[in-house]
Amino acid sequence: MVLGDTPDELAPGESATIMVRYDPTAYGKQRANVSVFSSAVGRARYTVKLAGSGVAPASAPDIAITGDTETIRAGDRKARPGTGTKLGGVEVGQTVEQTFTIRNRGGSALTLDTMFFFISGVHSLDYQITVRPPASTLDPTRTTTFAVSFTPSELGKRKADIIVISNDPDETPFVFRVVGVGR
């Protein structure tokens, strides 16, 4: 939103200030343009690109998921070291299990829809949620865990996405990739 009055005309050498207020109505990155039209020869319009991010208030619930020692980024489509998302090489038909920790970093209760923790993707049948979170509501700073098993059915790289549904206003669904290799 552009605030204040701007003059209709400027004399040579004069300037004007345009004040823009960003008041997001949604979470995430947003972009906009502000255009100023002019009677200047050869430059009828000046456009300024703007960007901002709508963020959840500190009082909202905020989900964080950790594998080994590192926090997993929501929407991460790559298995990264330290996050527990790289399950390594496993003999075909054998099983390895990884435990993940969910933490509420927000200021109000985080509600997990534990019935809708699920796995999708091309190799999703090689993965299973073997332990569902025992707690479906986490007060601020509280944690719970869930476990995912990997049993490769074939040789080669096997990947799937873990999907966690909660009441976090800007990270639901929380999706992250897991990768294992059938040997």
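I looked up Asp161 and Arg177 and found their side chains joined in a salt bridge at 2.9 Å, N to O (a side-chain nitrogen of Lys or Arg within 4 Å of a carboxyl oxygen of Asp or Glu). The pair links distant parts of the chain, Asp161 in strand S14 and Arg177 in strand S15, 16 residues apart (strands are DSSP runs of E, at least two residues, numbered from the N terminus). Both Asp161 and Arg177 are buried (under 20% relative accessible area, with exposed over 50% and partly exposed in between; 1.4 Å probe, protein chains only).

I note that this is a predicted model, where local features need pLDDT of at least 70, side-chain atom pairs count only at pLDDT 80 or more, and totals for chains, interfaces and linings use all residues. Residues are numbered from 1 along each chain as its sequence is written, and side-chain values use heavy atoms, with hydrogens and water left out.

I searched the whole structure and got seven salt bridges. Among them, Arg158 and Asp126 pair at 2.6 Å, N to O. Arg158 sits in strand S14 (residues 156-164) and Asp126 in the loop between strands S10 (118-120) and S11 (127-131), 32 residues apart. I also saw Arg73, Asp76 and Arg80 linked in a network of salt bridges.

Next I checked Thr144, in strand S13 (residues 143-150). Thr144 counts as buried because its relative accessibility is 5%. Beyond four places in sequence, its contacts include Phe100, Leu112 and Pro133 (heavy atoms within 4.5 Å).

Thr71 lies in strand S6 (residues 71-72) and is partly exposed, at 44% relative accessible area.

How values were computed: Helix = DSSP H or I, 4+ residues; strand = E, 2+ residues; numbered from the N terminus.
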